[in-house]
Amino acid sequence: MLHAVDAEALARPAFRVVLVRADGATAGTFSLSAQRTVVGRSEGTLLIPDDPYVAGAHCALLLTGGTLEIEDLQSGSGTWLKVPPGESIRLGSGSEIRLGHQRLVLEAMPAPDWQPGEPKVWGSPDPGYLVRLVQHLEGGGTGAIWPLTEGSVLLGREEGEIRFPSDGFVSGRHARLTVKADASVYFEDVGSSNGSYLRLRQRTKLSVGDLVLVGTHLLRIEAG
């Protein structure tokens, strides 16, 4: 027979979500007891109606036993997981990172369109570019493009090879990209104030302490 305290512990949800607005204020706390909790602007259990960057049904929190996962529901603005400071993560072509108000996409360099036997097209010498980082603008469209060679580049508001001087949410020294000779790329947050976020492309396990960015709101995962 279970003691009363044991029964109470079993009935208590293992996780809860604290919703944090862009200004840092707490908008609510939600216990997760259902197997599927949809987060959205107009659909689901956890509603964020005042955020224009949140889709009607944006993402789903999936609870299976003691495991919590999150899945983006093909939202336009994406679901983003905070990268632990100091941890190096490998990026692939198409990976998206978010620093402050910057949405940056890693892409492979386009293949040369010159064919043997054809006249060569004159252009700037290629110093050995392996990948490129592309800035995506609000509402669609492409901004700056930074082709990258082997080595490391620093991203920041005041320091680094790639700077965003007008973005007050980007730290002076924010993050580092390292490109290897085989074109593999690694990303590291170097202790920024507001963090760096990776766009989720597949169902991903969450842990207590994780921060998920949905539109301009944060979901902070806590123990229930």
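The residues lining the largest pocket of this predicted model divide into eleven nonpolar, 14 polar and five charged. In this classification, Ala, Val, Leu, Ile, Met, Phe, Trp, Tyr, Cys and Pro count as nonpolar, Asp, Glu, Lys and Arg as charged, and the others, Gly among them, as polar. Residues are numbered from 1 along each chain as its sequence is written, and side-chain values use heavy atoms, with hydrogens and water left out. Because the model is predicted, local features need pLDDT of at least 70 and side-chain atom pairs count only at pLDDT 80 or more, whereas totals for chains, interfaces and linings use all residues.

The lining of the largest pocket comprises 30 residues, and R98, G100, H101, L213 and G215 lie nearest the centre of the pocket. Two or more lining residues come from each of the strands β7 (79-82), β9 (96-99), β10 (102-108), β11 (131-136) and β19 (211-214). Helices (H or I, at least four residues) and strands (E, at least two) are DSSP runs, numbered from the N terminus. The volume of the largest pocket is about 930 Å³. A pocket is found on a 1 Å grid over the protein atoms alone, as an open set of points with protein on both sides within 12 Å along at least five of seven lines; a cavity, by contrast, is a set of points where a 1.4 Å probe fits but cannot get out, and lining residues have an atom within 4 Å of a point. Grid points are joined across faces, edges and corners, and a volume is the space filled by probe spheres set on the points.

Eleven residues of domain 1 are in contact with eight residues of domain 2, where contact means heavy atoms within 4.5 Å.

The second largest pocket holds about 520 Å³ of space. It is lined by 16 residues, of which P110, P112, D113, S124 and D126 are the closest to its centre. Ten residues of this second lining are nonpolar, two are polar and four are charged.

Strand pairing was examined next. Two strands pair if DSSP finds at least two bridges between them.

Five bridges link β15 and β16 in the antiparallel sense, and R176 stands opposite E188 in β16.

Strand β20 (residues 217-223) is mostly covered, with five of its seven residues buried. Buried means under 20% relative accessible area, exposed over 50% and partly exposed in between (1.4 Å probe, protein chains only). Strand β1 (residues 15-20) pairs with β20 in the antiparallel sense over six bridges, and R16 has E222 in β20 as its bridge partner. Strand β19 also pairs antiparallel with β20, over four bridges, and V214 stands opposite H217. β19 and β20 form a hairpin with two residues between them, and G215 in the turn has a positive phi of about 60 degrees.

Most residues other than glycine have a negative phi. Q74, although not a glycine, has a positive phi of about 60 degrees. This residue is placed in the loop between β6 (67-72) and β7, and Q74 counts as exposed because its relative accessibility is 79%. A183, likewise a residue other than glycine, has a positive phi near 75 degrees. The loop between β15 (175-179) and β16 (185-189) contains A183, which counts as partly exposed at 31% relative accessibility.
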